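Subject: Structure for your review

Dear colleague,

Please find below the structure that I am handing over to you. My findings follow it.

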Amino acid sequence: MIRTITSRINGGVPPGRLVASSLSTMPTISSPYTRRDGANKGVPREDMPFHHFYAEKPKLKFKSPRKRANILFQEINQEAVQRDRDAKPELFDVPFRPGDAIEFTKVVSGGVNSDKVEKQRGVVLGIRKRGLGTMVTIRDVVFGTVIERDVPMHSPLVKDVKVLEENFVKKGKKIKRAKLYYLRDRKDEMCRVSKW
């Protein structure tokens with residue numbers, strides 16, 4: 001039944017033959033790059049005006065000057081940090097963590113080689129490691145006034161550091177935080193390191 005209907009629609013020709021016959025009657029389109037006499041057999045690679053066949057390995061991708069400058073600056077920064085670490089073991093080889101009570105010896109006036117130094121105490125609230133810009137935030141209470149300082153570790157004015165007491169805030173319990181900024185909202189007596 002289905003065959004008779006399809007044969008009536010296609011004029012009595014099966015569907016497969018109809019497609020083949022219709023395709024065979026379509027005109028063929030010749031390529032504009034081929035000659036009719038068949039003499040064009042292709043162009044060799046050397047004669048192609050625009051070709052992508054490299055005789056040697058292509059050059060590496062161009063690096064922008066900004067990226068190169070960033071890499072050079074990072075290398076210089078790392079060398080300076082290592083030089084400071086080797087020159088000041090009394091400052092960089094002392095292990096301390098947030099929550100410890102520490103004491104810095106810092107030059108007040110008169111230049112780097114001056115003998116006018118003072119000692120700054122406080123509880124470590126956090127350590128920011130930024131290469132030469134590494135800072136330690138300490139908090140102390142002196143005569144009822146809260147003093148919070150950011151001490152640059154790589155400054156030539158900072159001479160040494162000493163740990164007064166470990167885990168000063170929790171009184172012996174281990175602190176599991178990297179930043180203790182919540183102490184700003186607590187009682188000031190929790191950060192009192194100085195005796196006056």
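Beyond its neighbours within four places in sequence, Leu91 is in contact (heavy atoms within 4.5 Å) with Phe104, Met153, Val158, Lys159, Asp160 and Val161. This is a predicted model, in which local features need pLDDT of at least 70, side-chain atom pairs count only at pLDDT 80 or more, and totals for chains, interfaces and linings use all residues. Residues are numbered from 1 along each chain as its sequence is written, and side-chain values use heavy atoms, with hydrogens and water left out.

Leu91 also belongs to the largest nonpolar core, which has twelve residues, including Phe92, Ile102 and Val136. Such a core is a set of buried Ala, Val, Leu, Ile, Met, Phe, Trp, Tyr and Cys residues joined through side-chain atoms within 4.5 Å; buried means under 20% relative accessible area, with a 1.4 Å probe and protein chains only. A second, separate core has ten residues, among them Ala101, Leu125, Val169 and Leu183.

Of the 196 residues of the protein chain, 23% are buried. Among contacts in the protein chain with a separation of 6 or more, 57% join residues 24 or more positions apart. The chain contains four helices and five strands, these being DSSP runs (helices H or I, at least four residues; strands E, at least two) numbered from the N terminus. From that terminus, the order is α-α-α-α-β-β-β-β-β.

Notes
Buried < 20%, exposed > 50% of the residue type's maximum accessible area, 1.4 Å probe, protein only.
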